[in-house]
Amino acid sequence: MKRRPSAVFTLFALLVLCLGAGGCANSTSDETLVHIETMPLSERVQSSSADRMALIDTRPRQDYVAGHLPGAINLRIEDFSRGRLPMLDRYSRIVVYGQNPASVTPRALAKRLHSLGYERVRVYDGGVDAWRAAGLPIERTSG
């Protein structure tokens with residue numbers, strides 16, 4: 001007589017498979033990330049709707065302090081280790097960026113935000129380097 005696996009065993013096996021694959025829901029790959037270019041982002045930063053957009057600088061604190069996009073906040077992946085940040089819930093859009101197109105942290109943070117249920121997340125691949133190259137303003141923060 002063949003024994004059927006118990007419901008608990010089946011649930012446990014499903015959980016292991018999901019975790020091994022990076023999660024069951026809200027899976028985001030590099031191909032599914034939505035990107036934004038310099039000029040459309042610049043227009044949004046300068047528009048009246050800028051207060052509905054969270055602009056997240058993913059670089060180390062010392063780089064952020066030295067110069068970042070206007071209105072940006074400095075957050076790292078570690079800041080989301082315990083889940084969602086209530087301070088972001090008021091924004092209808094989130095844009096993450098790093099230093100330049102080679103920066104992997106913005107894409108990783110965008111994936112993390114998607115996994116936490118944030119929608120309308122964009123990645124600005126050009127980063128601070130492209131922003132400066134376009135002659136756009138940089139903001140500095142003390143300490």
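Two strands count as paired if DSSP finds at least two bridges between them. The model shown in these views is predicted.

**Figure 1. Overview of the chain and its secondary structure.** Five helices and five strands make up the secondary structure of the chain. Read from the N terminus, the elements follow the order α-β-α-β-α-β-β-α-β-α. The chain has 143 residues, of which 36% count as buried. Taking contacts between residues at least 6 apart in sequence, 70% link residues that are at least 24 apart.

Figure 2. Five strands form an open sheet with parallel pairing, in the order E1-E5-E4-E2-E3. The edge positions are taken by strand E1 (34-35) and strand E3 (73-74); each has a single partner strand, so one side of each has no neighbour in the sheet. Helix H2 (residues 38-46) packs on the sheet and touches E2, strand E4 (93-97) and strand E5 (121-124). The direction of H2 makes about 120 degrees with that of E2. Strands of a sheet pair through backbone hydrogen bonds, in either the parallel or the antiparallel sense.

**Figure 3. Strand E2 and the bridges to its partners.** Strand E2 covers residues 53-57 and pairs with E3 in the parallel sense over two bridges. In one of these contacts between strands, isoleucine 56 has isoleucine 73 of E3 as its bridge partner. Aspartate 57 has asparagine 74 as its bridge partner in E3. E2 also runs parallel to E4, and five bridges join E2 and E4. Aspartate 57 has a bridge partner in E4 as well, namely tyrosine 97.

**Figure 4. Side chains of strand E2.** E2 is mostly covered, with five of its five residues buried. In a regular strand the side chains alternate between the two faces of the sheet. In E2, Met53, Leu55 and Asp57 point one way, whereas Ala54 and Ile56 point the other way. The residues on both sides are buried.

Figure 5. A pair of aromatic rings is described by the distance of the centres and the angle of the planes. The structure holds one aromatic pair. It is formed by tyrosine 124 and tryptophan 131, with ring centres 6.2 Å apart and planes at 80 degrees; planes over 60 degrees apart count as edge-to-face, so this pair is edge-to-face. Tyrosine 124 has a relative accessible area of 2% and is buried. Tryptophan 131 is buried too, with a relative accessible area of 1%. Elsewhere in the chain, arginine 84 places its charged end over the ring of tyrosine 118, at 3.9 Å from the ring centre.

**Figure 6. Serine 42 in helix H2.** Serine 42 belongs to helix H2. Its relative accessible area is 4%; buried means under 20%, so serine 42 counts as buried. Leaving out residues up to four places away in sequence, serine 42 touches Trp131 and Leu136. Trp131 in this view is the tryptophan of the edge-to-face pair with tyrosine 124.

**Figure 7. Histidine 68 and its surroundings.** Histidine 68 is found in the loop between helix H3 (61-66) and E3. With a relative accessible area of 0%, histidine 68 is buried. A polar atom of the histidine 68 side chain lies 2.8 Å from the backbone oxygen of tyrosine 64. When neighbours within four places in sequence are left aside, histidine 68 is in contact with Asp57, Arg59, Tyr97, Ile138, Glu139, Arg140 and Thr141.

Figure 8. Glutamate 139 lies in the segment after helix H5 (127-133). Glutamate 139 is partly exposed, with a relative accessible area of 33%. Residues up to four places away in sequence aside, glutamate 139 touches Gly67, His68, Leu69, Pro70 and Gly71. Glycine 67 is 72 residues from glutamate 139 along the chain, and the C-alpha atoms of the two are separated by 5.4 Å. The glutamate 139 side chain reaches the backbone nitrogen of glycine 71 at 3.1 Å.

Definitions and conventions. Residues numbered from 1 in each chain as written. Heavy atoms only, no water. Helix = DSSP H or I, 4+ residues; strand = E, 2+ residues; numbered from the N terminus. Contact = heavy atoms within 4.5 Å. Axes fitted to C-alpha atoms, helices over the stretch in contact; angles between N-to-C directions. Buried < 20%, exposed > 50% of the residue type's maximum accessible area, 1.4 Å probe, protein only. Phe/Tyr/Trp six-rings, centres within 6.5 Å; stacked < 30°, edge-to-face > 60°. Lys NZ or Arg CZ within 6 Å of the ring centre and 35° of its normal. Polar contact = N/O pair within 3.5 Å; in protein donor to acceptor, adjacent residues only side chain to side chain.
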